[in-house]
Every structure is written in C-alpha cells, then in structure tokens.
Amino acid sequence: MKLSKKGEYALRSLINLGIAAEVGRSLVQVSELADNEQLPVKFLEQIMQALKEAGFVQSARGKFGGYRLAKPANKITIGSVVRLIDGPLAPIGCVSQTAYEKCTCPDEEHCGLRMLMLDVRNAIAGILDRYTLADVVDVTLRKLRRNGVPLPFSPEAKSAPPIRRLARHSRRSARHARSPRLDAAEGVLHQLLPDYTI
C-alpha cells in the first residue's frame with residue numbers, strides 16, 4: 001500500500017479540520033487549508049468534495065463559509081479515509097478484505113507470497129483501523145504545544161511567521177543536508193502507547 005498524493009492531502013486536511021475544531025474554529029475555508037499545508041487549491045477542492053460526499057466533512061457556502069468535520073473526529077478511522085481515497089489496503093488483490101481478486105497463483109491456499117502479504121495487509125489495517133482522526137489530532141496538538149509552535153487556525157498563528165517562508169528556508173537548507181532519520185518515538189503509536197513496538 002502506498003498512500004497517493006490525493007490520500008495524503010485528504011488526511012492532512014482532515015487533521016487540520018480536527019485541529020481547527022479544537023482551537024474553536026467552526027469553519028475553515030479551502031484556501032486556508034491549502035495555504036496552511038501548501039497544497040494546490042483546485043486539487044484540494046476536488047478532494048474535499050469527495051470527503052463531503054462520503055460524509056466526512058460538511059460545507060457552508062458564502063463569504064464566511066468553509067468546511068468542518070461532519071462527525072466527531074473519534075468516529076473517523078484513518079483506514080476508512082484511506083480506503084475511500086486510495087482503495088483497498090491490501091498490497092495484492094488476493095488478500096483484500098474489501099476488493100478480493102483471484103491471483104495467477106495455481107494454488108492460492110498454499111501460496112507463501114499470499115500468506116506473507118496477508119500479514120502485511122493485516123498489519124496495515126490493524127494500525128489504520130485502530131486509530132482515529134482524534135488520536136492523530138491529539139498527538140499533533142501535544143507536539144505543537146510541547147515545541148512552542150502556534151496552533152494552526154488559532155489567533156496566535158496569525159502573528160507567527162508565515163509557514164511558506166519557513167518551509168522555503170528549510171527546503172533550501174535541506175538540499176545541502178542529508179535526509180533526517182526518523183525516530184520510532186516520533187510516531188503516533190509511540191505517542192499513544194509508549195511501550196508499543198512492531
């Protein structure tokens with residue numbers, strides 16, 4: 001399973017709508033969502049329409065309109081959003097729970113590759129279906145607060161330096177630096193379950 005750009009943008013936008021709700025914003029315009037995450041507005045509008053049709057977000061029209069979550073963040077699993085946008089979680093069709101496809105293997109029942117890919121599918125689904133948007137929003141807010149970063153869509157964020165300028169600077173310095181190594185402690189699972197290991 002590889003998350004597409006469309007899936008990534010959908011999840012990032014939903015997380016931002018969850019953060020906005022936590023800081024007291026009832027509606028967020030698509031242009032604000034796009035600007036906050038440096039996403040293409042037209043593409044994001046299409047994604048938000050798909051999320052609306054699936055019942056994840058609601059919209060209000062007009063000058064002060066925008067989007068909000070259509071249901072509580074703790075009722076939206078990450079897996080349900082990924083399946084909506086990118087389809088099945090299974091790496092091959094013969095292990096999919098929602099879109100099974102017979103494979104070319106002559107003995108599917110005893111296929112070692114199928115057994116391995118079933119474990120991969122179960123691991124992915126186990127994580128994405130266990131955690132909700134509320135879990136990710138909570139961890140994100142805790143980390144932002146811990147690091148003293150103004151919360152997006154809050155009054156303090158308006159007085160902070162524009163993200164675009166900060167991102168441009170970090171991209172320039174990133175060209176001359178190596179890719180940062182990720183620490184397992186930075187993941188959502190570790191934040192929610194410190195003793196969790198894969």
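Mentor: Let's begin with a contact: in this predicted model, Arg12, Ser13, Asn16 and Leu17 of α1 meet Leu33, Asn36 and Glu37 of α2. By class, this contact has two nonpolar, three polar and two charged residues.
Trainee: What makes α1 and α2 roughly perpendicular to each other?
Mentor: Helix α1 (residues 5-22) and helix α2 (residues 30-37) pack at an angle of about 110°, with axes 10 Å apart. Angles of 65 to 115 degrees count as roughly perpendicular, so α1 and α2 get that label.
Trainee: Good. Next, where is Gln38?
Mentor: Gln38 lies in the loop between α2 and α3 (41-53). Its phi is near 55°, a positive value in a residue other than glycine.
Trainee: Why is Gln38 called partly exposed?
Mentor: The relative accessible area of Gln38 is 32%. Buried means under 20% and exposed means over 50%, with partly exposed in between, so Gln38 is partly exposed.
Trainee: And which loop holds Phe153?
Mentor: Phe153 sits in the loop between α6 (133-146) and α7 (155-159). Phe153 is not a glycine, yet it has a positive phi of about 70°.
Trainee: How do you know whether Phe153 counts as buried or exposed?
Mentor: Set its value against the cut-off: buried means under 20% relative accessible area. Phe153 has 10% relative accessibility, so it counts as buried.
Trainee: Thanks, that is clear now!

Key. Residues numbered from 1 in each chain as written. Predicted model: local features only at pLDDT ≥ 70, side-chain atom pairs only at ≥ 80, totals over all residues. Heavy atoms only, no water. Axes fitted to C-alpha atoms, helices over the stretch in contact; angles between N-to-C directions. Helix = DSSP H or I, 4+ residues; strand = E, 2+ residues; numbered from the N terminus. Parallel < 35°, antiparallel > 145°, perpendicular 65-115°, else oblique. Contact = heavy atoms within 4.5 Å. Nonpolar A, V, L, I, M, F, W, Y, C, P; charged D, E, K, R; others polar. Buried < 20%, exposed > 50% of the residue type's maximum accessible area, 1.4 Å probe, protein only.
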